[in-house]
Amino acid sequence: MHPHSSTSNAQPPSAALSYWRWLLTPLLVLSGLALPGQAGAAGTPAGTQITNQAAASGTLSDNTPVDGLSNIVSTTVSPLCSVSVTPDGSVQAPGQQQEILPGESALFSFRVVNTGNDRFTTPVGVTVPAESAFAPTLTLYLDANNNGQLDANERTPISSVTLDADGVANVLVLAQTDDTQRGDGFLNLTAACAEPGGQTDINNVALLRLGPPPLLSVTKTFSPAFVKPGDETTVTLSATNNGQGTSREVVLSDDLRALSAEGLSYVAGSATVSGGTLESGSNQSWQAGDALAAQGLRVRQDTLAPGATLSLTFKLLAGAASENKELVNTAVATTGNQKVQAEATLTSRYSPNVALGPIGQPTAPEGSPADAQTRPSAVVGKPICFDQTLSNTGDVLDSFTLAGQVQSGQAEISFQNADGTPLSLPIVLEPGASLDFKVCFTPTQPGPLNVSIVATGQRGSQNATLDTVQNVETGLPELIKTVTPEGLVPAGTALTYTLNVQNPYATPLNNVVVSDPLNAALEFVSADNGGQLAADAVIWRLPTLAPGERRALSFKATVKVSTPDGTAIANTFTLSSDELPQPLPSNTVSSPVWSSKLAIEKTVDKAQVTYGDVLTYTLNIRNLSAQAPLNQAVVTDSPAVGLSYLPGTSTLAGQPLTDPTISGGKLSWNIGDLPPSSTQLLTYQMRVTPQATATLSNSVMVSGQAVAGEFATAVASNVATRKVTLKLLTFANTSDLLGMVYLDRNRDGRFEPLVDAPLARARVLLAGGREVLTDAQGRYHFKDVSNGMQALRLDPSSVPKTALAVPMDGGLNGTRSVNVVGLTAVDFPLSPLVGDIDALRSVSLQAGPLKLDKTVTVNGQRYTVTLRLSSSQALPGFELTDPLPAGALLKEGRNSLATTLKAGVTTVTYTFDYSGERRAAVTEPDVRWTQP
């Protein structure tokens, strides 16, 4: 130290004292000097006052002590700047060094000390020595907490530090490299004094060595890269260090969230890694294992040596939502400041496909000869069919439609199942499934016919096959079959079937096969022209049938004796050839079998008659067949002139029968069906008229339909004839007495069909002991009653309790007296037992062919409606609506009718309960029909 000082001169010691022995002791006084304990590198603080005075002591020669003081000298210490940086270093001997990879950063720590004697602001900087192989980016920061780290609150760059004397600052140098830099780099931290003459520290060199860099590459693959929903694919991620240096930590990751949203799901437990640690999750949260694999997967490894590879594999399942999507996914690998990525594409799509071709070979190459079928000929209007096979050769359930595209010619096209039933479209097939079917063409014009059959899948696949008919002819071969004898045949009859075949075409028919299946009721006898019985059919095989050629083929067979009546022996033959593969049928001939007879016997109750007499005829009708019924039997009587039918006298099996129709003097009764081995009795009466001659002949027969299968043939009985003799000039003084017994509901004394009710089985007594019962229409009849006064009586026990026994128009105890002359009528109208049965209204409507009569009766609150519909012709689309009065409740029957109204009379009856005004109980009916 060289402090500046000032000096005061002092007198030298007296010569007298020159022999003295002196001991000089300097006395130093420092003004403003720091305490001894505060002294450091800075030395004496600037501004310190230093005062100096010398003191002398000694003894004289006589040993007398002598003391003396010099003058006082004062000195002031001036400021002195000095700085020291550690650690020291040079390019040859760096004070510190770090090794990093290109692109990384390094942090160096330096200690800066103020070694001056005052507070100074010292500029600091960092330089790159010329020997450095590269120039990193350098930034200075103050390490405020002296922890050697660059904390978040310390990231303000500095260029100087302000320090008290002996003050210390830790300065951080951040060196940032880039990927292109290589080799050894140097940096030197310098600290300088701003004051002239101050010290500067510039020997603080540090070494930054860049090691050989790693070079990451990454790949990603899907295997397979083409899947369909339901398939799995294996995902492989690989990161490879292609550089010369070992890498820092490598992270290889795959974000799966986008794939999950598109229908791909991670297969649990499928992830494997070649090294490092498997983690799952996302950048927000990663955890070891694959629990969070739906979000993402990654593998972490501390380092990756040059040439080494880190891989991650796992599986994904393609769900239904992934169909028809191309899914792009990116894998990312990072190390240090390197980040590389690779994309891979996964296609999720079914591969639909369809094959169509001749039966058994649907996969024949389209357009090849194997994918086509040819027929030599067909006939206009007759279907010709080709057998095909449709196959789903794709990997997904698909729905297929079929269509025919006519390329030449004209034809109607239909699709059938293999058994000939209509084919339902579309056709749904599982992958690998096939369907055999027929496509049938019905040509509509002559000439060649070419049709392409196209199968189209709902998912877009398509395939076609070609069917060809070389020539379409018009018309058909003439096929006529006859049988002799014709008509009804008894069992045991020998039948001859003749088959006439003609080729109408200008080209021959080759390999003609004529087949005639033998009916089970026939026993084969023989065949001509080489016909043979095979498999219950007579077969003729003709090598050729020339153009225009006609052939007659026949065979003989006998009706088996066990064949029952009613059997229809139907027979049809077929023809086929190379040109007409589908057998063509001939007409069908039928031989109804009927061995038994239909018989009728006729009797009459009188052999002799006179004018006015009534004859009762009885017909005994028998179906002698033990097996077959006779349907729609009709009895026809041809009475002689002078016989007149009495209406209402016909009975069948004791029950009333509708009167016969009379046409041309003939009577015809429809008696329905006659079961096998059945007998029916038909009775009717006829009166002898003045036109009668001496002999009255009456012939009758019965006919009907003998049904054999679908065939019905008329069968007639024998003719039964009965004769009666007219006794002329013999007259009997007798007449007929007839009438009705009925419930006269409206008490008007006359019978009204829609109001009054006939009483069946009422007993009417005639004086003298004769009695009769009324029929279903309430009618009675006494014949041959002597003319004059006669007494009639109605048996009260034979009528319902709801009627009075006394007729309404008088008569004691139901007895009537009448003067019988000719045809005399006496009715018994009976009054209701109680007085609350009343006829409210009788309505008649006439509209075209229809007449409607409506009658309403009431008993308490129960109303009965009768609608009588009379039409002279059938009325199609007939609708009747008879509305109920408001508040009425239908009890029985129906008040509407919807049908085709038959000609004749139709009656509709119904009842309802009604508590309202009686006059409102009668409504107007509504009818309508389609005009025929």
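In the predicted model, the chain contains one helix and 75 strands, and of its 932 residues 41% are buried. Among the contacts between residues at least 6 apart in sequence, 71% join residues that are at least 24 apart. The chain exposes about 45600 Å², of which carbon and sulfur atoms supply 51%.

A search of the whole structure finds 16 aromatic pairs. One of these is formed by Tyr 266 and Phe 314, whose rings are tilted, with a centre-to-centre distance of 6.2 Å and an angle of 55° between the planes. This pair links distant parts of the chain, since Tyr 266 belongs to strand 17 (residues 264–266) and Phe 314 to strand 22 (residues 309–318), 48 residues apart. Tyr 266 has a relative accessible area of 16% and is therefore buried, and Phe 314, at 1% relative accessibility, likewise counts as buried. In the pair of Tyr 645 and Trp 669, the ring centres lie 6.3 Å apart and the planes meet at 75°, so the arrangement is edge-to-face. Because Tyr 645 lies in strand 49 (residues 643–645) and Trp 669 in strand 53 (residues 666–674), the pair ties together parts that are 24 residues apart in sequence; both residues are buried. Elsewhere, ring pairs link Tyr 497, Phe 524, Trp 540 and Phe 555 into a cluster, while Arg 375 lies over the face of Phe 386, at 4.4 Å from the ring centre.

The search also finds 25 salt bridges in the whole structure. Among them, the side chains of Arg 298 and Glu 279 meet at 2.6 Å, N to O; Arg 298 is in strand 21 (residues 296–301) and Glu 279 in strand 19 (residues 277–282), so that the bridge ties together parts 19 residues apart in sequence. Arg 298 is buried, with a relative accessible area of 17%, as is Glu 279, with 10%. Glu 478 forms a salt bridge with Arg 550, in which the closest N and O atoms are 2.5 Å apart, and this pair links strand 34 (residues 478–484) with strand 40 (residues 550–559), the two residues being 72 apart. Here Glu 478 is partly exposed, with a relative accessible area of 28%, and Arg 550 is partly exposed, with 45%. A further salt bridge joins the side chains of Asp 913 and Arg 862 (2.4 Å, N to O); with Asp 913 in strand 74 (residues 904–913) and Arg 862 in strand 70 (residues 862–871), the pair therefore ties together parts 51 residues apart in sequence. Asp 913 is partly exposed, at 23% relative accessible area, and Arg 862 counts as partly exposed at 33%.

Technical notes. Residues are numbered from 1 along each chain as its sequence is written. This is a predicted model: local features need pLDDT of at least 70, side-chain atom pairs count only at pLDDT 80 or more; totals for chains, interfaces and linings use all residues. Side-chain values use heavy atoms; hydrogens and water are left out. Helices (H or I, at least four residues) and strands (E, at least two) are DSSP runs, numbered from the N terminus. Buried means under 20% relative accessible area, exposed over 50%, partly exposed in between (1.4 Å probe, protein chains only). Contact means heavy atoms within 4.5 Å. Accessible areas come from the Shrake-Rupley method with a 1.4 Å probe; for residues, only the protein chains shown count as cover. Rings of Phe, Tyr and Trp (its six-membered ring) pair if their centres lie within 6.5 Å; planes under 30 degrees apart count as stacked, over 60 as edge-to-face and the rest as tilted. A charge sits over a ring if NZ of Lys or CZ of Arg is within 6 Å of the ring centre and within 35 degrees of the ring normal. A salt bridge is a side-chain nitrogen of Lys or Arg within 4 Å of a carboxyl oxygen of Asp or Glu.
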